[in-house]
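Dear colleague,

I am passing on a structure that you have not worked with before, together with some notes on what was found in it. Please look through it below before reading on.

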Amino acid sequence: MKTKQLLLVRLGLYFLLVLSLLPVIMMVLLSLKNNVEIITDFWAWPETIRWDNYAAAFSSVKGSIFNSLFVALVSCAGIVFLSSLSGFVFARHSFPGKELLFALLIGLIMIPQILLLVPLFIEVKRMGITNTYWALIFPYLAGGQLVGILLCRGFFSTIPKELFESARIDGASEFQVYSRIVLPISMPILTTVAIINFHGIYNDFVWPLMVLQRQELKTFAVAIFDLSTVYRSEYGLTFAAYAIGSLPLVIVLLAGMKYFVRGITEGGLKA
Amino acid sequence: MILKKIVRANGSYLLLAPSFVLVGVFLYYPAFSGIYHAFTRWQAVGASTWVGIDNFVAMFSDPFLRHGLSNQLVLSFADFAKALIPPFLVAEMIYMLSRERERYWMRTLFVIPMVAPMMVIVLMWYFIYDPNMGLLNQTLAGLSLDQWRLAWLGDPDVAMGSIISMGFPWISALAFLIFLAGLNNIPPDIIDAARIDGTSVLKRILHIDIPMLVPQFRLVIILTLIGSIQDFGRILVMTGGGPGYATYVPALWMYEQTFMLSHFGYACAIGVTLFAVILTGSLLVLRLMKSDLDH
């Protein structure tokens with residue numbers, strides 16, 4: 001490829017990149033201003049940087065960020081546990097009806113959320129678990145484990161049998177094989193499963209909006225929606241709240257970018 | 001014999017029990033409940049009563065669904081264009097970069113917008129369209145183009161266009177990563193052969209890359225089909241379906257039937273119909289887009 005063409009490609013990529021990041025750039029810029037500064041000169045850098053926006057915003061969103069983190073972390077831990085356990089059983093055990101049971105689980109990946117939304121809402125309501133974290137955690141566990149089991153089964157089948165057999169000869173119990181061998185070697189795949197689910201759960205909006213009405217339980221996505229539609233008067237403060245609420249996802253995704261990318265490219269094609 | 005095997009395999013079933021209990025209670029039960037209740041009148045109080053296909057018949061004369069359907073067609077068409085064209089072009093551009101390291105960094109940079117929570121991005125666009133304070137009207141005022149300033153979400157003729165334009169320049173990290181992974185999987189000798197033959201980039205894309213990426217295109221099309229029909233959150237936040245019928249989609253109407261009106265049976269019927277559309281569409285795509293690479 002000619003260098004001139006290559007230069008054009010590069011310029012084009014940087015241009016598209018800036019456009020893609022524009023909302024994020026705008027968010028950070030405006031979070032440091034007050035309303036007057038936003039109205040008078042939208043794009044200007046603020047004369048005095050208003051860090052106090054962040055202090056005020058933090059106190060209004062910290063509860064909801066905690067809720068989101070709690071639900072996401074508990075769900076991810078459960079999903080990782082279930083994926084590795086059931087994936088292990090499907091890869092390593094042989095028992096009657098194995099393939100049928102596997103198909104019964106994996107076939108559910110094809111069922112879209114839209115079919116379940118209303119009946120699941122009524123079900124959860126009748127169980128009396130709306131306005132508890134369980135209304136989020138249980139459905140997240142049920143759905144999130146599916147791709148995890150698929151990936152884990154595939155991964156565990158590639159591990160040589162000898163590894164398990166030698167452990168058993170050494171007198172390791174089934175549980176020890178699982179906890180001492182299976183879990184450690186499957187860390188990369190389990191991290192991938194956890195990060196993909198963390199991203200999905202932290203972003204989920206409609207389901208938490210339906211099942212949590214109590215203010216102190218609301219997750220970040222719902223609380224920030226309330227904050228910006230009901231009390232939108234202080235824009236700088238609202239944008240600071242957006243930025244603070246982005247932090248958990250920023251930290252998790254940047255730290256686990258490799259796993260995140262792999263989860264999308266591999267998980268998608270296999271499923 | 002079988003019985004003996006089942007008894008011996010007790011442990012395996014026990015270990016699988018947690019997965020199956022969760023799936024049974026939170027996926028299978030609601031799925032069947034939804035399909036069953038689509039044929040019932042089911043409201044906030046009292047038991048459900050069987051009404052046959054009444055709910056489905058009622059859908060035909062529901063103005064919200066009629067407008068919703070035509071809005072959905074426009075929205076889905078735009079969603080397909082947005083998910084297929086810009087991400088594929090960016091993947092191709094990155095694929096052209098010669099150095100491995102540069103490709104890696106570019107890929108990472110284009111994934112970065114995904115670290116902002118979805119709701120934050122949607123709300124940022126809500127603000128971009130804000131008639132008084134928003135980026136669009138503020139920037140137009142700054143350029144003395146006041147006659148171009150619009151009520152981007154409040155004008156029924158403009159609102160759908162505004163919702164479609166959200167996320168410009170539409171480089172979905174998901175689709176882009178899938179395409180780039182597909183390009184990287186093309187055997188290097190094929191690309192080398194094309195280079196030696198002096199094939200132009202455009203010809204290579206048309207005759208090698210696109211045919212080789214059929215599985216990736218298929219995946220992105222199915223994911224977009226599902227997302228486009230069931231993700232009504234963005235519309236709920238931006239316009240709530242308005243002004244008037246302008247941005248209603250069937251899934252949003254299903255949600256409101258549940259929440260505002262407690263017409264659960266009717267809502268289930270809408271859900272089942274959307275499910276049927278997604279399933280038929282997905283199977284059709286799988287059928288039509290068979291590739292030589294599948295075995």
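Predicted model: local features only at pLDDT ≥ 70, side-chain atom pairs only at ≥ 80, totals over all residues.

Chain A is built with 13 helices and 0 strands, and its pattern along the sequence is accordingly a run of α elements. The radius of gyration of chain A is 23 Å, whereas the globule rule gives 18 Å for 271 residues, so the chain is more spread out than a compact globule. Along its principal axes, the C-alpha trace of chain A spans about 75 × 65 × 35 Å, and 44% of the 271 residues of the chain count as buried. Among the contacts in chain A with a separation of 6 or more, 81% come from residues 24 or more positions apart.

As for the two chains together, 70 residues of chain A are in contact with 73 residues of chain B. On the chain B side, helix α2 (residues 10–37) gives the most, with 16 residues, and that side as a whole divides into 58 nonpolar, 14 polar and 1 charged.

The axes of helix α3 (residues 52–92) of chain A and α2(B) come within 9 Å and cross at roughly 145 degrees, in a crossing that is left-handed. Here A:Leu82, A:Leu85, A:Ser86 and A:Val89 meet B:Ser12, B:Leu15, B:Leu16, B:Pro18 and B:Ser19, a set that divides into 6 nonpolar, 3 polar and no charged residues.

With best wishes

Methods
Residues numbered from 1 in each chain as written. Chains lettered and ligands numbered in written order. Contact = placed C-beta atoms within 7 Å. Helix = DSSP H or I, 4+ residues; strand = E, 2+ residues; numbered from the N terminus. Nonpolar A, V, L, I, M, F, W, Y, C, P; charged D, E, K, R; others polar. Rg over C-alpha atoms; globule rule 2.2 N^0.38 Å. Buried ≥ 20, exposed ≤ 12 C-beta atoms within 10 Å, placed from the backbone. Axes fitted to C-alpha atoms, helices over the stretch in contact; angles between N-to-C directions. Left-handed = near helix turned anticlockwise from the far one by under 90°.
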